[in-house]
Each structure stands twice: as structure tokens, then as C-alpha cells.
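This report describes selected local features of one protein model.

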Amino acid sequence: MPTRPQVYRPEATLLDLGDGFFDPVAPADFPETRLRFRNDRAAAQIGVDTLTDDEWTRHFGRFAPLPDTLPQPLALRYHGHQFRNYNPDLGDGRGFTFAQMRDESGRLMDLGTKGSGQTPWSRAGDGRLTLKGGVREILATEMLEALNVPSSRTLSLIETGEHLHRGDEPSPTRSAVLVRLNHSHVRIGSFQRLAYERDEAGLRKLVGYTLRNLYDEDGDDPVRLLDLVVGRTARLAARYMAAGFVHGVLNSDNINVTGESFDYGPWRFAPTWDPAFTAAYFDHQGLYAFGRQPEAIHWDVMQLAVALRQIVESEPLVAALDQFGPRYQPEVTQAILWRLGVRSRDPDTDRDLVQATERALRTSGVGIDRFFFDAFGGELPDTYADPWTEVRTALASYEPRKDRSHAYWSGEPCSMLIDEVEAIWSPIADDDDWTPLHAKVAAIRNMGDALAE
Ligand code: AMP
Ligand code: MG
């Protein structure tokens with residue numbers, strides 16, 4: 001938390017890329033704008049928490065430009081592999097970037113939208129977001145933040161008074177516009193589009209832009225960029241696993257080159273450690289199942305390497321790509337130790353503990369959140385019998401990284417399984433009752449406090 005208020009530090013760095021990278025667009029003119037969620041904690045980190053509700057709605061529902069940043073919304077161009085099929089008809093079809101600024105740690109951040117209207121990339125889509133989709137994105141992002149997963153944050157959700165038709169929701173259904181705070185919206189698919197267009201100058205430019213603005217590094221070496229992306233995405237994959245999170249749609253257009261997770265559609269938290277657990281009902285092959293996420297992300301990063309091959313020889317790219325597994329392993333170990341609430345010992349001991357934990361979680365079928373709640377700090381209760389003996393013994397040799405004095409530890413584990421998501425949505429749908437949502441966000445943040453270093 002900042003000790004003094006963060007000032008608003010606008011940027012318009014995206015314009016440096018030139019107009020081949022985006023298209024200026026206008027927001028939809030919504031029949032109404034009803035503020036439903038404002039994330040003042042995130043807003044404080046970019047200096048916009050002092051806006052009144054009216055100003056907030058004008059900026060985040062009507063998209064009046066914020067001072068000294070982008071003069072108008074820009075829909076970004078990108079391609080990508082969707083479920084392994086190349087699609088050159090993507091791009092921001094229901095969103096845009098409309099502001100950039102530095103956050104309290106100096107990172108370049110984007111404000112991007114979801115549901116803000118049609119763009120040249122909408123194809124047959126209406127450019128809209130359902131209110132339920134927006135509520136689900138709030139819940140996902142709050143949970144991921146609490147569980148230490150690098151993620152976009154939901155800054156704002158405004159209901160917009162339209163009636164939408166969707167195959168996966170009882171229709172007509174309510175509409176909303178969401179604003180997300182993201183450490184860039186440069187995707188693997190942004191590079192793929194340039195490679196597809198054989199735009200070598202564009203590729204070089206985007207490499208330099210990404211290194212300079214998102215990684216604070218000089219130069220324009222594509223191999224260096226790939227190496228950095230491998231590190232960040234391996235970490236992201238590891239954190240997904242420790243959180244029990246299933247993103248659902250790990251297409252290459254949904255992978256940010258900063259390794260920050262974003263774009264939450266059919267996500268779920270896995271109730272138990274079941275590698276085959278799948279989030280998206282349309283993912284018939286289980287391509288993006290819980291246990292296949294590291295492999296899926298690695299495959300996406302390989303597509304970045306394929307794109308970069310146009311401007312650099314392939315050998316060093318392959319070498320960088322081959323580091324994904326070796327870098328994933330220590331990351332997943334650290335991520336699981338973090339959730340266990342214990343301090344790292346040495347690599348071999350740590351790895352044995354983590355492997356024993358995964359094995360016991362898988363074979364016992366114990367709830368993931370229940371287990372980590374009970375184990376936090378290293379003292380696994382006696383009620384954990386076979387197959388937990390090895391884990392209990394191993395854990396006993398570890399120091400807690402934090403004690404259990406926080407009030408969270410005297411309650412019940414906070415989780416976010418699908419039944420609860422629906423139970424939070426129902427009162428909004430039936431009675432416009434937002435209390436359960438706000439109560440859940442408070443409970444999630446309470447867990448986040450208990451887990452935080
Ligand atoms: P996603 O699966 O959300 O990552 O979206 C894939 C592509 O479909 C992106 O180009 C989106 O902008 C576009 N898209 C998704 N939903 C809509 C919609 N309702 N209207 C227009 N475009 C959409
Ligand atoms: Mg997307």
C-alpha cells in the first residue's frame with residue numbers, strides 16, 4: 001500500500017507504434033449508465049480514486065477522455081490461434097484501449113474495455129458484454145489478485161440498459177461495460193498479425209516498444225524478448241496451477257506478453273486437483289483443461305517464436321523456448337509453497353514436498369481450497385490420514401512464512417466454485433440485490449490480506 005497518494009501520471013505511449021497497430025473507434029451510446037462496481041483500491045494505484053461517481057461514470061461509461069492520455073479510444077489489431085486454428089479475423093471486437101498511465105510502481109498500465117461497442121473487428125458480434133459476464137470477471141480478478149496470480153484487475157463495471165441475446169445465458173439478458181486495468185494489451189497475437197502480414201519493420205518496432213515500455217530494457221533483440229516472455233508466462237502458468245484456476249480460453253490472442261492474465265470468459269476454479277477438469281463447455285477435447293495449462297501456454301509462446309523467426313534466426317529462439325519447462329518447475333514449487341504458507345528450504349526438499357502434495361491432492365480428492373487453508377503455516381491436522389502422511393511429515397520440517405493470527409484463519413476457506421458464482425448472480429438477476437457480490441469481494445480481499453507477505 002502506498003504511504004502517500006499516487007498521483008495520476010498519464011501516458012500516450014501506444015501512439016508511438018503508429019496507426020498501423022490500431023483503429024480509432026467511438027464508444028457505443030448506451031441508453032443508461034448505472035455504476036455497479038468501482039474498484040477504489042485499484043484506482044488508488046493509478047491516481048483516479050478521487051473521481052466523483054459522476055466523473056467516474058463519464059469516463060468509464062461514456063468514455064470522455066482522461067486528461068493528457070489517448071485523445072480517442074483505439075481498437076487494437078491482432079490475430080491469433082483459437083483452439084490451435086489460426087484466425088486472421090480477430091482484433092478488439094468489443095473493446096478498446098482508451099487510456100495509459102503509470103501505476104504506483106512505475107509500470108505502464110492500460111485501461112481497456114469490454115463491451116464498449118462495435119469496432120471494425122466485431123464481425124457478426126454486437127460489441128457488447130453481458131452484466132453476468134462482467135460480474136464473473138470481477139469475481140475472477142479479485143480471486144486471482146488475492147491468490148497472487150499476475151492478472152488484470154477489474155476497475156469498473158457499469159450497467160448499460162440494453163437487452164442482449166446470448167446462447168449461454170437466459171436471454172434477453174442485461175448489458176454492461178467493464179474497464180480493466182492491465183499491464184499492456186500487447187498479445188502474442190499482436191506479433192502473429194505482423195508476421196502474417198510480413199511486416200518486418202512492424203515486428204521490429206513492436207519488439208522495441210515491448211522491451212522499452214513493458215520490460216524497461218533497451219534494444220530490440222527479439223531473442224531477449226522471447227526469453228523474458230518465457231519467464232513471465234512460465235510464472236503465470238505456475239500460479240494458475242497453485243490457485244486451482246482454469247482460464248478456459250488460452251488462445252494466443254488472450255496471452256499478454258507481460259505474462260499478466262486477462263480476458264475472463266468461461267473460467268472456473270477447480271474444486272479438486274483433477275488435471276482433466278475443463279472450464280469451457282465448448283472445449284470438447286479438454287485442450288485447456290486444468291492440468292494442460294502449462295503446455296497450452298508454452299504452445300502459445302511457441303507461436304510468438306514462430307512470428308519472431310521472421311526477423312531473427314531460429315536457433316536462439318528455440319533455445320529460449322526450451323527454457324519454459326526448466327523455468328516452470330521452480331515457479332510452481334514457489335507458488336505452492338506460498339499457498340502452503342511456508343518458507344522455501346532447498347530445491348530438492350521443496351520439490352519433493354510439492355510433488356507429494358500434488359499426488360495427495362489428486363488421489364484424495366480433497367478440496368483444493370480446504371487443503372491449503374488447513375495446511376497454511378505447515379501444521380497439517382491429524383484428520384488428514386492416508387494418503388497425507390508423507391506430506392504431513394515433510395511439512396513439519398518447514399517454517400511458516402506467516403502465522404495464523406489473521407481473523408481469516410478462524411473462519412472457513414474462501415473459494416469461488418461455480419455454484420457460488422451462480423448464487424451471487426441470482427439475487428442480482430432476480431432482485432437487483434448486489435449485497436452478496438459486495439460481501440464476497442470483501443471476503444476475498446480479507447483472504448488476500450491473510451495470505452499477503
Ligand atoms: P475472446 O474469446 O473473448 O477472446 O474473443 C475472441 C474475439 O471475438 C475477439 O476478437 C473479440 O473482440 C471478439 N468478440 C467476442 N465477443 C464479441 C462480441 N459480443 N461482439 C464483437 N466481438 C466479439
Ligand atoms: Mg480475447
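## Basis of the description

Helices (H or I, at least four residues) and strands (E, at least two) are DSSP runs, numbered from the N terminus. Under this scheme, Pro 387 falls in the loop between H11 and helix H12 (389–396). The model is predicted.

## Salt bridges

The whole structure contains 36 salt bridges. In one of them, Glu 260 pairs with Arg 107, with 3.5 Å between the closest N and O atoms. Glu 260 belongs to the loop between strand E12 (245–246) and strand E13 (268–269), and Arg 107 to the loop between strand E7 (97–102) and strand E8 (108–114), so the contact ties together parts that are 153 residues apart in sequence. Glu 260 is buried at 6% relative accessibility, whereas Arg 107 is partly exposed at 32%.

Asp 126 and Arg 166 form another salt bridge, their closest N and O atoms being 2.9 Å apart. Asp 126 sits in the loop between E8 and strand E9 (129–130), and Arg 166 in the loop between strand E10 (153–164) and strand E11 (173–182); the pair therefore ties together parts that are 40 residues apart in sequence. Asp 126 is partly exposed, with a relative accessible area of 28%, and Arg 166 is partly exposed, with a value of 22%.

## A helical pair and a charged network

Within helix H5 (residues 200–214), Glu 200 and Arg 204 are four residues apart, about one turn of the helix. Their side chains meet in a salt bridge with an N to O distance of 3.9 Å. Glu 200 is partly exposed at 36% relative accessible area, and Arg 204 is partly exposed at 39%. Elsewhere, Arg 36, Glu 159, Arg 174 and Asp 432 are joined into one network by salt bridges that share partners.

## Negative surface patch

Asp 220, Asp 221, Glu 313 and Glu 315 form a negative surface patch. Of these residues, Asp 221 is placed in the loop between H5 and helix H6 (222–243). Asp 221 is partly exposed, with a relative accessible area of 39%.

## Backbone features

Most residues other than glycine have a negative phi, and most peptide bonds are trans. A cis peptide bond joins Ser 171 to Pro 172, with omega about 0°; Pro 172 lies in the loop between E10 and E11. Asp 386 and Pro 387 are also linked by a cis peptide bond, with omega about 5°.

Phe 63, which is not a glycine, has a positive phi of about 60°. This residue lies in the loop between helix H2 (53–60) and strand E4 (74–76) and is buried, with a relative accessible area of 5%. Arg 198, likewise not a glycine, has a positive phi of about 55°. Arg 198 occupies the loop between helix H4 (188–196) and H5 and counts as exposed at 66% relative accessibility.

Gly 367 and Trp 273 are 94 residues apart in sequence, yet their C-alpha atoms are 7.6 Å apart in space. Gly 367 is located in the loop between helix H10 (347–364) and helix H11 (368–375). Gly 367 is partly exposed, with a relative accessible area of 25%.

Key: Residues numbered from 1 in each chain as written. Chains lettered and ligands numbered in written order. Predicted model: local features only at pLDDT ≥ 70, side-chain atom pairs only at ≥ 80, totals over all residues. Heavy atoms only, no water. Salt bridge = Lys/Arg side-chain N within 4 Å of Asp/Glu carboxyl O. Buried < 20%, exposed > 50% of the residue type's maximum accessible area, 1.4 Å probe, protein only. Patch = residues over 30% accessible without salt bridge, like charges linked within 9 Å, V, L, I, M, F, W, Y side chains within 5 Å. Areas by Shrake-Rupley, 256 points an atom, 1.4 Å probe, with all protein chains shown as cover. Lys, Arg positive; Asp, Glu negative; His and termini not counted. Charge placed at Lys NZ, Arg CZ, Asp CG, Glu CD.
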